[in-house]
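Work through the exercises below with the sequence and the structure open. Each task is followed by a solution in steps.

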Amino acid sequence: MKAKIYTKEGAQKGEIELADAVFNVEPKQQLLHQVVTSYLANQRQGTAKAKGRSEVSGGGKKPWRQKGTGHARAGSNTSPVWVRGGKAFGPVPRDYTQAIPKKMRHLALRSALSERARGERVKVLEALGIEAPKTKVIAELMKKLEVTGKRTLLVIDDGQRNTYLSARNIRDLSVKPVSQINAYDVVSCDNLVFGSEELLKKVEEAVSK
């Protein structure tokens with residue numbers, strides 16, 4: 001399995017061999033679905049809250065006597081059927097976190113990377129360094145790589161702040177440090193662009209275990 005290498009000007013320079021242990025495994029769709037679902041669940045805050053009938057103001061006194069008024073029977077104005085009454089079975093704060101073992105996360109990431117590699121949607125840049133934040137530079141580079149208008153993930157080094165600032169505002173382009181990419185990031189993009197060969201090797205070393 002190979003990927004094309006491009007210069008920072010967008011010209012194709014050659015090809016690089018991708019590790020079969022990372023980019024050429026049989027995708028496990030069920031595991032991939034489980035890991036992506038857990039990732040999305042872990043993003044939830046779980047702070048939704050509605051007051052029950054014991055928490056709203058009021059109550060403590062029967063609104064009117066049981067019989068003879070012509071009204072329906074009522075025991076408290078905190079009943080859920082009353083205006084400003086408590087919410088029946090309303091949401092309460094909870095933890096949506098789903099723990100996934102590291103080996104399963106790595107296998108899911110390898111499955112996602114393999115799917116992108118099979119479709120020849122993995123591209124590697126020779127080097128990507130920007131001295132000052134400038135969106136136009138990244139936008140022109142993505143155009144030359146023929147990924148403009150397609151969902152693309154740009155993987156950069158953790159210290160490349162200028163590159164991050166230059167790429168974060170481009171439509172359909174997501175930019176993430178190499179230490180933070182996961183299966184969901186890869187699945188949600190159509191193309192995967194590594195900022196350098198070193199970043200590609202880092203990913204291969206990290207998830208091949």
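A salt bridge here means a side-chain nitrogen of Lys or Arg within 4 Å of a carboxyl oxygen of Asp or Glu. The model is predicted.

**Exercise 1.** Find the distance between the side chains of Lys 13 and Glu 126, and state which parts of the chain the pair ties together.

Solution. Step one: the N to O distance is 2.5 Å. Step two: with the cut-off at 4 Å, the pair is a salt bridge. Step three: Lys 13 belongs to strand β2, while Glu 126 sits in the loop between β3 (122-125) and α4 (135-144), so the bridge links parts 113 residues apart in sequence. By this rule the count is six salt bridges.

**Exercise 2.** Locate Glu 15 and name the residues that share its surface patch.

Solution. Glu 15 is in strand β2 (residues 12-17). On the surface, Glu 15 gathers with Glu 17, Asp 20 and Glu 120 in a patch of negative charge.

**Exercise 3.** Describe the largest pocket.

Solution. Start with the volume, about 330 Å³. Next, the lining has 21 residues, and those closest to the centre are Arg 105, His 106, Leu 109, Ile 181 and Asn 182. Finally, the elements giving two or more residues to this lining are α2 (29-42), α3 (102-118), α6 (183-187) and α7 (197-207).

How values were computed: Residues are numbered from 1 along each chain as its sequence is written. This is a predicted model: local features need pLDDT of at least 70, side-chain atom pairs count only at pLDDT 80 or more; totals for chains, interfaces and linings use all residues. Side-chain values use heavy atoms; hydrogens and water are left out. Patches are made of residues with over 30% relative accessible area and no salt bridge: like charges are joined within 9 Å, nonpolar side chains (Val, Leu, Ile, Met, Phe, Trp, Tyr) within 5 Å. Accessible areas come from the Shrake-Rupley method with a 1.4 Å probe; for residues, only the protein chains shown count as cover. Lys and Arg count as positive and Asp and Glu as negative; His and the chain ends are not counted. The place of a charge is taken as NZ of Lys, CZ of Arg, CG of Asp or CD of Glu. Helices (H or I, at least four residues) and strands (E, at least two) are DSSP runs, numbered from the N terminus. On a 1 Å grid over the protein atoms alone, a cavity is a set of points where a 1.4 Å probe fits but cannot get out, and a pocket is an open set with protein on both sides within 12 Å along at least five of seven lines; lining residues have an atom within 4 Å of a point. Grid points are joined across faces, edges and corners, and a volume is the space filled by probe spheres set on the points.
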